[in-house]
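Let us take a friendly walk through a protein model. Keep the sequence and the 3D view open as you read.

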Amino acid sequence: MLTSCVKEDLRNIRKADLPWDRFAGKRILVTGASGFLPGYFVETLLALKDIGCGVKEVVGLVRNLPKAKHRFCHHADRKDFSLYQHDLSGPLTYDGKFDYIIHAASQASPRFYSVDPVGTILPNVLGTYHLLERARQDGCDGFLLVSSGAVYGIITGDAVVNENAYGYLDPTLVRSCYFEAKRMSENFCVCMHHQYGVPVYIARPAHTYGPGLAPHDGRVFSDFIEDIAAKRDIIVKSDGSAKRAFCYVSDAVVGMFTVLLRGEIARPYNVGNDEAYVSIRELAETLASAFMDRGIRAIIAPAKKEKNYVKNPSNGGCPDVHALRSLGWKPKVGITEGFRRTIASIDEELAV
């Protein structure tokens with residue numbers, strides 16, 4: 001279901017000053033469609049008809065068709081939306097030309113890195129290749145890669161990380177599967193543009209949260225959301241010193257559409273809220289205060305790591321988003337409002 005908060009998010013995204021009319025009458029492929037961020041891409045594109053920029057068709061590429069049908073059951077009768085079940089390890093078999101491709105299929109959760117590192121690599125490397133080859137064959141107007149700040153490798157301290165700052169990565173570590181795969185996916189994009197002229201756009205989202213984030217995601221902000229929704233204390237299972245930039249989903253989605261519609265070809269752009277760069281401890285304390293009515297406390301309790309836990313060696317760093325801001329983008333939703341909206345959406349779903 002689309003909750004009130006998600007519907008408001010979509011209205012706010014549509015209000016962004018972007019040339020949405022470029023999508024009018026186009027067929028657009030979104031990979032990983034039933035996931036958190038790509039789900040917002042699908043909903044946004046379908047909602048463009050409300051401002052007179054209706055797409056010809058949105059095709060959602062998914063691996064789990066029953067899950068996707070449930071996720072998009074409210075669009076079951078639409079003629080401008082279809083689901084395409086496919087494993088990106090192989091070439092696309094879809095019969096029809098794509099005008100735009102948004103590649104957002106990826107196992108971003110750290111809980112996959114040790115139990116399914118190969119499955120983490122494949123959609124980012126082989127999948128990216130197959131999609132770029134299809135974009136070349138179809139003469140796509142634009143190919144957007146949803147990459148990650150993971151490409152920066154090990155960043156320590158409070159460094160402000162611009163798009164040219166790269167840290168060390170050990171390719172023999174299992175955890176590097178995601179980091180290295182994202183680096184390779186970006187290189188594939190740049191090389192396909194260089195050799196074949198494919199119009200590629202690269203977005204590097206930082207930590208993004210909001211309605212629809214999968215439970216048990218494995219990232220700390222997802223754990224905090226589950227704690228608040230369940231009205232239990234927020235447990236920080238570390239010293240809480242690591243710092244992250246937390247970006248609300250509507251800001252992130254506008255940022256990535258800005259990259260696709262206004263960005264420079266083959267140039268990466270950070271997408272993150274540099275105004276919401278806080279430590280994990282500060283985030284927990286801020287949320288405990290914001291949801292005081294639920295009797296929640298923030299408890300710092302470093303614990304023994306779970307069996308399949310793979311430690312992130314990077315402290316993160318704050319994304320430098322000057323390049324994206326120069327395209328007219330700016331974040332609008334702060335931490336307190338963003339998490340309030342997320343919890344309100346969960347509460348609405350549970351009330352049904």
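Two strands count as paired if DSSP finds at least two bridges between them. Helices (H or I, at least four residues) and strands (E, at least two) are DSSP runs, numbered from the N terminus. This is a predicted model, in which local features need pLDDT of at least 70 and side-chain atom pairs count only at pLDDT 80 or more, while totals for chains, interfaces and linings use all residues. Residues are numbered from 1 along each chain as its sequence is written, and side-chain values use heavy atoms, with hydrogens and water left out.

**Strand 2 and its partners**

Let us begin with strand 2, residues 57-62, which runs parallel to strand 3, residues 81-85, with five bridges joining them. Within this pair, Gly60 stands opposite Leu83, and the chain gets from strand 2 to strand 3 through helix 3 (residues 65-71) in a right-handed β-α-β crossover. Right-handed here means that, with the strands pointing away from the viewer, the path from the first strand over the helix to the second runs clockwise. Another bridge links Val58 to Phe81 in strand 3.

Strand 2 also pairs with strand 1 (residues 27-31), again in the parallel sense and over five bridges. Here Thr31 has Leu61 of strand 2 as its bridge partner. Together with helix 2 (residues 36-47), strand 1 and strand 2 make a right-handed β-α-β unit.

How many residues of strand 2 are buried? Six of the six are, so strand 2 is largely enclosed by the rest of the structure. The word buried means under 20% relative accessible area, exposed means over 50%, and partly exposed lies in between (1.4 Å probe, protein chains only). In a regular strand the side chains alternate between the two faces of the sheet. In strand 2 both faces are covered: Glu57, Val59 and Leu61 are buried on one side, and Val58, Gly60 and Val62 are buried on the other.

**A pocket to explore**

Rolling a probe the size of a water molecule over the atoms shows where empty space is left. A pocket is an open set of points on a 1 Å grid over the protein atoms alone, where a 1.4 Å probe fits and protein lies on both sides within 12 Å along at least five of seven lines; lining residues have an atom within 4 Å of a point. Grid points are joined across faces, edges and corners, and a volume is the space filled by probe spheres set on the points.

The second largest pocket has a volume of about 370 Å³. It is lined by 21 residues, and those closest to its centre are Asn12, Ala16, Val254, Lys330 and Lys332. Helix 1 (4-14), helix 8 (249-262) and helix 11 (335-351) are the elements that give two or more residues to this lining. Which element gives the most to the lining of the second largest pocket? That is helix 8, with five residues. By class, the lining holds seven nonpolar, four polar and ten charged residues. Ala, Val, Leu, Ile, Met, Phe, Trp, Tyr, Cys and Pro count as nonpolar, Asp, Glu, Lys and Arg as charged, and the others, Gly among them, as polar.

**Cysteines without a partner**

A disulfide is a covalent bond between the sulfur atoms of two cysteines. The search used here asks for a pair of cysteine sulfur atoms within 2.5 Å, and over the whole structure it finds zero disulfides.

**Some single residues**

The table sets out how accessible several residues are.

| Residue | Relative accessible area | Class |
|---|---|---|
| Cys73 | 45% | partly exposed |
| Cys247 | 0% | buried |
| Phe224 | 0% | buried |
| Lys231 | 55% | exposed |
| Ala266 | 21% | partly exposed |
| Arg262 | 34% | partly exposed |

Lys231 lies in the loop between helix 7 and strand 9 (234-236), and its phi is near 60°, a positive value in a residue other than glycine. Ala266, in the loop between helix 8 and strand 11 (268-271), has a positive phi too, near 65°.

Phe224 sits in helix 7 (residues 220-229). Arg262 belongs to helix 8, and its C-alpha is 9.1 Å from that of Gly328, although 66 residues separate them in sequence.
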